[in-house]
Every structure is written in C-alpha cells, then in structure tokens.
There are 2 protein chains.
Amino acid sequence: MDAGDVLQQLSDGGTVSGEELAEQYGVSRNAVWKHVEKLRDEGFEVESAGDGYRLDSIPDTGGLAVRYHLGDSELGGDVEYHEDVDSTNSVAAEAARDGAGHGYLVVAGRQTGGKGRRGREWESPEGGVWASCVLRPELSPREASVITLAASVAVARALEDVGVDAEIKWPNDVLVDDQKICGVLVELEADSESVHYAVVGLGLNANAHPDVEDATSVAEELGEDVDRARLTASVFRELEDLLDGSREDVLSEWRRRSGTLGREVRIETPDEVFWGTAADIDDTGALVVDTDDGERVVSAADCEHLR
Amino acid sequence: MDAGDVLQQLSDGGTVSGEELAEQYGVSRNAVWKHVEKLRDEGFEVESAGDGYRLDSIPDTGGLAVRYHLGDSELGGDVEYHEDVDSTNSVAAEAARDGAGHGYLVVAGRQTGGKGRRGREWESPEGGVWASCVLRPELSPREASVITLAASVAVARALEDVGVDAEIKWPNDVLVDDQKICGVLVELEADSESVHYAVVGLGLNANAHPDVEDATSVAEELGEDVDRARLTASVFRELEDLLDGSREDVLSEWRRRSGTLGREVRIETPDEVFWGTAADIDDTGALVVDTDDGERVVSAADCEHLR
C-alpha cells in the first residue's frame, strides 16, 4: 500500500474510514495515517471526518496529482516527480535504459537543462508542464515518427479541451496564433528493425511564460492559470488513445490540426535553405514542399511559417 | 606520443632510430623505448637494429594491429581493445553516450554476452571478429537502415577479398552456402529527425566456430586461419567507402550480393507467419515478398530461406 492507493480509495469523493483502509490492505491504522500525511504534504486537502477521511481538493501539480487525473491510463502508470530536474527526457531515457516499462512518466516542476530539437535549449521555468514518458511501442525506427505526430495531436486536443485553439507546426511544435505554446521532443533507442524504447517529452508553457520570442502560454491565452496536473494527464491520456488507434488516423488528424500545410514556408536543412508551399506530410512524417523546382520532401529541417 | 605513433613511423618497413623518434615527438629516448616495449607486449615483433627499430611482424589481433591495418581510415581512428567483454555493442554505445566520436571502434577477443537481433544471444568465442563502431551519420531514423545494408555489403566485400564467396541474407546476416558466417547488429539513438549516434556491430566467425547449427567460419571455408586484425580493418574500410557513397549504390550492391532475393522464404513477424518469394528490398531496406495474397512488405521479421 502507498499514498496512491489511499488516493484511489478516496477518489470518488466519499468518506472512507481509516480502519476500512487498514483492513483492506492488511496494514496498520498508523500506516494509513502516514500515507494520508504524505498526501497532505503534497498539497492534497484530506479532511478527517469522524473516523474517516475525505478528499477535498487536489493540488495543481506533483506526481500524485498527475497520477490521480490519469485514472486507469496505461501511460503514467508509474509517475516520478522532481521539483527540479536537468531534463525530464534525460531522466526518462536513463530510467528506460535501467528497464522502466511502457508508460513510465517523469514530471518536473522546472527543468534546468530542458532540451529542444538538435540539442537546442528549451527554457523551462516553474509553472510549465515538463514531462517525459517512456514508450515501448512495436515499431521499427522508420515508423517511429508517428510518435511525434501523435504527441503533437494529443497536445492540440488537450489544449482544445481547456479552451485554447492551437495548431501544429511541422515538425514538432504547437502554436497559438503563430506563437509557440508547446514543443515535443521524441528520442529513441533502436536496432535497425525495432524501437527498444522511445521517450516522448513535452514542454508546455502552461502557466509559465518563457522569456523567448514568439511564445505564449495557456494562462496568457485564457487569462487565468490552468491546472497543470490535470493538463499533463489529459495530454498523456489523449496520446494513449492515439497510439492505440491507427497510423492513418493519426496522420489525418495531424493534417487537419496542422497550421503548416498550405502555408508559405522557409525550409532550412543542414545543407541548404529553400522556400515553397507546404503541401502535405508523407506517411513517414516527412514534409512535402512545392517549390519552383518541383516537389521536395524533407525529413529533418527547420520550418518557418512565412506571412 | 603513444605506441600507435611509433607503429606508424615503422609501418613502411624501414629502420628508424630511437633518437629520431624522440626528437620528432619531443620526448625522451626512454619514452620511445617504453612505447616499443608496449608494441612487443601486444605481439608486434620489433627488431632492435643498431641504433634503430624495425617492424618485423604484426600480430593477428589486438587494438594496435587493427589500427595498423586501418591506415588513415576515419572509422577506427580510435580503437579500444578488450580480451574479454560483455558485448562490444554495449561498450561502444556507452562510449557514444559519453561523447565518443564518429569512428570510435571497440574490438574484443571474445564476448561473454554477445547480442544478436531481438535480444538473442550471439555466441562469440575466442578466434572471431567481435567489433563495434560508433557512427555519427547525418541520417534520420527512417534512413538509418542503410547502415545495416552497407555493413552487410562491407562484410561480403571483405570476405571476397580473402577468397570467401558469401551472400547476404535479409535482414542482417552473411552466409556461405546457407551457413551463417557473420551477423550485423546496428543499434541507434535518435530523435524523430536525426540519429544522434549509431553503433554498427559485427560478429564474424573468422577463426572461431560457434557451437550453433548452420554456422561456418572463414577458417573452415579456407582451410586455414585468417588474420583477424586485417579482416576487421578490411570490413570497416569497406564500410567507410560505402557510407561515403550514395544510398542507391549501397542498395544496388546489396541486391547483387543478396542470397535472399529470388528465394522462397518463410517470414515470421511478431504477429504472423507467411510464405512467399522474396522479390526485392524497398529503399528503406524493408523486404518485399510476393505471396499468394499479393505483395507484402515487412520491415521487422525473421526470414528463413527455403529449399
């Protein structure tokens, strides 16, 4: 028995007696009390009502709060929480190498070394959603791009749920009115046939406004703070739903939610820069661009939306 | 200055004086002598001729011997040698995570935990070529299959060089008369756009005959032992040549050297088993199989050649 079990028993809002809990899990009443104290330490308001406990409120951050909102989701079955962390992706990757299973989730209050694409820094102050989940999908490395696509769609869905209308920018950002609100970073280890593990990381400016150009946050869009724990859980529930579905469904929802397709874009690859109209993504997630010299397909590039 | 520098200076077969070497590198004569002793410890015969040193023979194994045969090759620019190692792929991957650069090569006398595909064991007794090289290619994960294809071709070329006529079996084995002589295992770490590093590992039954069914070795095919260090270097020189060339050239040479294409095959994926004729590989390295139900394309599967 742990604090998560107590939380689960209290989750329907009713009053549960300490004696009942102790009996159910075969532990002492004192052990139950300690777990309740742990919940209180993490910001849960647990009312002592006569002989029983009742859950009055959930904090808006922390591992147990995320776990609470995840319900029976497979992603986030285990949640590791840090106030401060170098990078949730790095922590999750290390956990995966040490054997962490599908769904193992790392959540942080802030990141001191948050990572973006191509080794770039990702500013991650207190107030944002910084979370990385270990996946063990049955995919080959050439199919793994679906994870990035699905994660972007999951973020857009979760934002829509709280009333923020967001668009996906190829390859891995989510924007509101062309301002960055979230980035997705998928890292994986594989042999030539199979992905051993993937880590899908989320940098979502929930109530944080990073000091970078062209960025926005959920709080800024809504005019009030959002429940970070609930939002984190919402993204990973949507991601689970998408990964349970077909690749085709992910691709078509990505296309529908994309702000890149149909736009004039400036593409910068390691070797060159070119301009054109973003026409589509192919089934590997590569961007198809119509240019004056014909169709170009790029899988690794920076893409800028032009006015 | 190190023993490798001394080796390089002696590599043209001439006599070089210790004084000359000491002056050239700005070290003491005693330091030069110590490096010569190291070469002797590793099995090099270095003759003391008057005031000078002359290289009389090269051992058939060891890091310096591999380095010697690699010449100015970029792959194997650094070589780490172990008599005994768990798995050269694991050691190379750890080195890569610690920052080892493109071409960093790990060679072992034998492996105690050699890895095959899908976590299978790869028997790796003394006498074989067990070697793994770190690559830092400019490839996306979906393009990375070219590394496995190129490595198989490199092995077939190197075997041809020593007089062994080998065929490539999809996805990653090299056979002589349908008996396994070599396996290739590529493992990689990537984000959704770019491979951070790949490790290409080689298990080649040079003078070792693993106690498994349907296996052969170079020694068995030739009737005499082969120089393992020279063979190791030869494979990685060929691999470098192939990776410097175009993907199309790798694919077409793979097709030409393949024993799978045109054969009746039994395909076993994680989900099902089917039979057909191996028709081609597509440009991602997936196998195209003609079956009674039409064309099937498999990227992760076991493939058995049928009579």
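## A guided tour of the predicted model

Begin by selecting β1(A) together with strand β3 (residues 52–57) of chain A, which pair in the antiparallel sense over two bridges; two strands count as paired if DSSP finds at least two bridges between them. Helices (H or I, at least four residues) and strands (E, at least two) are DSSP runs, numbered from the N terminus. This is a predicted model, in which local features need pLDDT of at least 70, side-chain atom pairs count only at pLDDT 80 or more, and totals for chains, interfaces and linings use all residues. Residues are numbered from 1 along each chain as its sequence is written, chains are lettered from A and ligands numbered from 1 in the order in which they are written, and side-chain values use heavy atoms, with hydrogens and water left out.

Within this pair, Ser17(A) stands opposite Gly52(A) in β3(A).

**Confidence**

Colour chain A by pLDDT, the predictor's confidence in each residue, from 0 to 100. Chain A averages 93, and 100% of the residues score at least 70. Confidence in chain A is lowest in helix α1 (residues 3–10), at a mean of 90, and highest in strand β7 (residues 167–169), at 98. The model as a whole scores ipTM 0.74 and pTM 0.83.

Select Ser124(A), in the loop between β5 (105–111) and β6 (129–135) of chain A. Ser124(A) is buried, with a relative accessible area of 3%; buried means under 20% relative accessible area, exposed over 50%, and partly exposed in between (1.4 Å probe, protein chains only). The side chain of Ser124(A) makes a polar contact with the side chain of Gln111(A) at 2.9 Å, and also reaches the backbone oxygen of Trp122(A) at 2.7 Å. A polar contact is a pair of N or O atoms within 3.5 Å; within protein, one must be able to donate a hydrogen and the other to accept it, and residues adjacent in sequence count only if both atoms are side-chain atoms.

Next select Thr216(A), in the loop between β10 (195–204) and α7 (218–222) of chain A. Thr216(A) is buried, with a relative accessible area of 0%. Not counting residues up to four places away in sequence, Thr216(A) touches residues including Val176(A), His209(A) and Glu221(A), where contact means heavy atoms within 4.5 Å.

Then move to Arg256(A), in helix α9 (residues 247–257) of chain A. Arg256(A) counts as exposed, at 61% relative accessibility. Arg256(A) and Val153(A) are 103 residues apart in sequence, and 9.6 Å apart in space, C-alpha to C-alpha.

**Around helix α5 of chain B**

Turn to chain B and select strands β4 (residues 79–85) and β5 (residues 105–111), which pair in the parallel sense over six bridges. Helix α5 (residues 88–97) of chain B carries the chain from β4(B) to β5(B), and this β-α-β crossover is right-handed: with the strands pointing away from the viewer, the path from the first strand over the helix to the second runs clockwise.

In α5(B), the buried residues are Thr88(B), Asn89(B), Ala92(B), Ala93(B), Ala95(B) and Ala96(B). Seen down the axis of α5(B), they fall within an arc of 160°, so they line one face of the helix; the arc is that of the directions from the helix axis to the C-beta atoms. Finish just after α5(B), where Gly99(B) takes a positive phi of about 105°.
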